[in-house]
Amino acid sequence: MTDASASSFLAASGPSLASRRLRALLAEPKVIIGGGLILALIVIALFAPWIAPKNPLDQDLMLASLPPAGLAGAEPSYYFGTDDLGRDVLSRLIYGARIALIVAFVAASLAALAGTTLGLLAGWYRGWVDGLISRLVDIWMAFPPVLLSILLVAVLGAGVGSVIAAIAIIDWTRFCRVVRAETMAQAEADYVTAARAIGFPPFHILMREILPNVVPALLALVSLEMGIAVIVEAILSFVGLSVSSDTPTWGGMIAEGRQFIHQTWWVFAAPLAALFATVLAFNQLGDGLRRALDPVLRR
Amino acid sequence: MTAPILSILRLSAVSELGNAEPILRNVSLDLAPSETLGLVGGSGAGKSTVAKALLGVLPRTITITQGEILFEGRDLRTLPRRETRAIFGDAITLVPQDPMTALNPSRRIEAQLTDGLRLRRGMNAREAHKRALELLAEVHIRDSERVLRAYPHQLSGGMRQRVLIAAAFALEPKIIVADEPTTALDVTVQKQILRLMRQMQEAHGTAVIFVTHDLGVVAQICDRVTLLFAGAVIESGATTDILSAPRHAYTRALIAAGPRYDRPDAGLKPVPEALVAELRLEVEGVGR
Amino acid sequence: MIALAILRRLLVALVTLAGVAIVVFVLLRVVPGDPIAMMISPGASQADIAALRAHYGLDGSLFSQFAVWVRYALRGDFGTSISLHRDVLALLGERLPATLELATAALEFAVIVGGAAAIAGAMARRTWAEPVIDAVNGLLLAIPDFVWALALVLVFGVVWPLLPLTGRVDPSVSAGMTTPFYFVESLLRLRFDVFFDLLKHLALPTLALGLPLAAVIARVLKGALNEAMAQDYVLLARLKGMSELRLVLQEALRNAIGPTLALTGVQFTFLIGGTVIIERIFAYPGIGNMAIEAVINRDLPLIQGLVLVFAVIFILVNIAVDFLVALFNPKLRHA
């Protein structure tokens, strides 16, 4: 059997679907803005050791609780000031981006993988397979997500791995529902019927016919999920259940800053702003992806 | 003829889309009080546009470029919103085309029927309820208490259209615009509805503008008829005159094209393409 | 038959609940760190330890533990809290009303603010104001309750210290309340001093929880309203001479609520889940706050009870939403 797919026969001639989609993507402002911000963040996180002005772990009690540069009493080289242990807020912020992004990308990918697989199975086979998976989704969604994530991390022990696992284990349902609905809708389509008539095995059809059409909706969802993952990680480190306390995390910084918020509000405000900007960026990106790739919304 | 209750003078309109295509070209018509005027044309002829322009509900994509719409001597186009709001729904009402979508699925029939009575005539609930029952009786709906309590989806299409007709006549309007009110109904129901409209119109003395594409309908209930093609008036006059001695070739072709139910094997004679093309050119010359 | 539908839903709910209980049970038994070991004093005999284990239902195989737990749970006995040394059910009963008050307040806030924004947005249809409203809405949609709470702490803690940042009520004011339902009781007994103190403390957590839901409601309801306003019956009503506001409220709204509920119902369960971290941030004494403490302390019986309470609330909310959706759709009501 040649490596063919029925939908490719039916595809329009001219510029390939991929290049058309790419062009639609780049024309959407939200994708540019959101994607640009995320890209900048990735660069910052990757090159943290070179970009960060100070060592994020260096404590200097002589320089503790300094306000950000520009305010009275500031030390010019500590742009965002220092915390109560004399650590540079900016450097910690930059290193905190690493944890945030690692968690975001890995957790979202794993959740997407698990959810998509189960969604495809449920949507294609229906019957008891769908019944079982849907019941599983119902049970899963009866848990308050934050509580479940805290529980899971407590069970699995603190650390980045646990946080990632917890997020993936909790949020796969989001992908499962969407993929299941899409699969059910696509399974009725003519080109799928054609493929079945030709005799392609289900796995082949799922991979080559249905999945490619599900990808656009998935991409937007993945971006959204990354934003959620960043928040969950922040919540977990806020509560003290994420990575060990020397590695700087935005959530951890927020928790520390909360204690002395009246005296050193910048320790609290800087990571909060970073968190906010990152989540916003992922949201805009996801929104833009959805608009650019949704065949209904496209003009 | 007595002074017309409604005069549309030289109404022209263009579409905002694409190439600014003229939708209406110098349309003029008169409506005498208590008469039924048929506004006839094929799809795209502009008859719905005239009706919408009259009611002030043209879509944003269509702009009126010239003309007057005189109701009892006042130009509806230039009146302030406050005054037009007082006229529409009271002196001028509408019987809409699709009874399926013209009723709010979440409100009971009584509420929708008595809106106007309570809003405009200041009736209280009991008075309005009594009047609603009378109205339903007029449109030959039995079991009117149940119908009043019902929701639209519980009634048949024909029943819903009767309700809409009752609602249109409720405030004793001077003019009713009927926008193809039988198109969405079964053929068997259509005749009943048409007869009902004629009855109501005669009983209340209302002037009716009947928008339709069906000459058969016109023959049944219209006193006079105005024929539109591509936004221009082709022919206009008393129904009997036009149908028996049509002056324009297009009218003749339209009449001939109507299916003959008494001679089913006579076949269909559609309006010849050449005639349509010729007419187009003629009409576009008029518009310029 | 409506009764049959309700019965079916309840059955499904029971199955889901059972599933939740099993999942939590298994999960917790896998926890590293023996809570009993943390409690015993040095020199305790094996018999004592065994007795302690039995007391908290932590002996025997996984299966037998679950069976025991279920048997007791069906009688209403959820065991004793390991960290607080009190009956779990009593603890839950004490803290649940506070969370319910918070969730209800947040819901009311979200419905009122979100609804008003949606109606305003629908009335601004095709004017210059509409894209502005959409843009602001889009921005607000991206902010989760966690970030709202922290931002509110920053603003009202540092910039404008107007409102209290922690707690539910000033204890000196609330002395004399007999039920845990402070809100209702203070109104019924006309204790307005308590009532206003409650409001002050509720303000920030309610905002944090309610704003995300308000943004969602505004977006979805506005879309549904716009769709309803484009229908023929609205045109007919407009010709009857109704004002724009009346059209939106009387004609469009009742047709827009059903679809809105269907889409936003699940968001309300997110709100309930959000109480966990929001109560923590504002030190609000509800079950959410207690949940975090329980997990940190490996308090198995308490965690079990808490998760079940949350699950029950979730399921009830889902059923309520389904019921409301059917209520607002006359076609479903008569089907």
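This is a predicted model: local features need pLDDT of at least 70, side-chain atom pairs count only at pLDDT 80 or more; totals for chains, interfaces and linings use all residues.
Chain C is built with 15 helices and zero strands, and along the principal axes its C-alpha atoms fill a box of roughly 85 × 55 × 40 Å. Of the 335 residues in chain C, 40% count as buried. When contacts in chain C between residues at least 6 apart in sequence are considered, 73% of them join residues at least 24 apart.

From chain C one can turn to its contact with chain A, which takes 29 residues from chain A and 32 residues from chain C. On the chain A side, α6 (127–141), α7 (145–156), α10 (202–239) and α12 (265–293) each supply at least two residues, and α12(A) gives the most, with nine residues.

The contact between chain C and chain B takes 14 residues from chain C and 22 residues from chain B. Here the elements of chain C that give two or more residues are α11 (232–239), α12 (244–281) and α15 (330–334), and the largest share, five residues, comes from α11(C). The side of chain C that touches chain B divides into five nonpolar, four polar and five charged residues.

Two of the helices named for the chain A side also pack within their own chain. Packed helices of this kind are described by the angle between their axes and the distance between the axes. The axes of α7(A) and α10(A) come within 11 Å and cross at roughly 60 degrees; because angles of 65 to 115 degrees count as roughly perpendicular and those under 35 as roughly parallel, this value makes α7(A) oblique to α10(A). The crossing of the two helices, α7(A) and α10(A), is right-handed.

At the level of residues, α7(A) contributes Val146(A), Ser149(A), Ile150(A) and Val153(A), which meet Val232(A), Ile235(A), Leu236(A) and Val239(A) of α10(A). By class, this contact of α7(A) with α10(A) has seven nonpolar residues, one polar and no charged residues.

Conventions. Residues are numbered from 1 along each chain as its sequence is written. Chains are lettered from A and ligands numbered from 1 in the order in which they are written. Two residues are in contact if their C-beta atoms, placed from the backbone, lie within 7 Å. Helices (H or I, at least four residues) and strands (E, at least two) are DSSP runs, numbered from the N terminus. A residue is buried if 20 or more other C-beta atoms lie within 10 Å of its own, exposed if 12 or fewer, and partly exposed in between; C-beta atoms are placed from the backbone. Axes are lines fitted to C-alpha atoms, for helices over the stretch in contact, and angles run from 0 to 180 degrees between N-to-C directions. Angles under 35 degrees count as roughly parallel, over 145 as roughly antiparallel, 65 to 115 as roughly perpendicular and the rest as oblique. A crossing is left-handed if the near helix is turned anticlockwise from the far one by less than a right angle, and right-handed if clockwise. Ala, Val, Leu, Ile, Met, Phe, Trp, Tyr, Cys and Pro count as nonpolar, Asp, Glu, Lys and Arg as charged, and the others, Gly among them, as polar.
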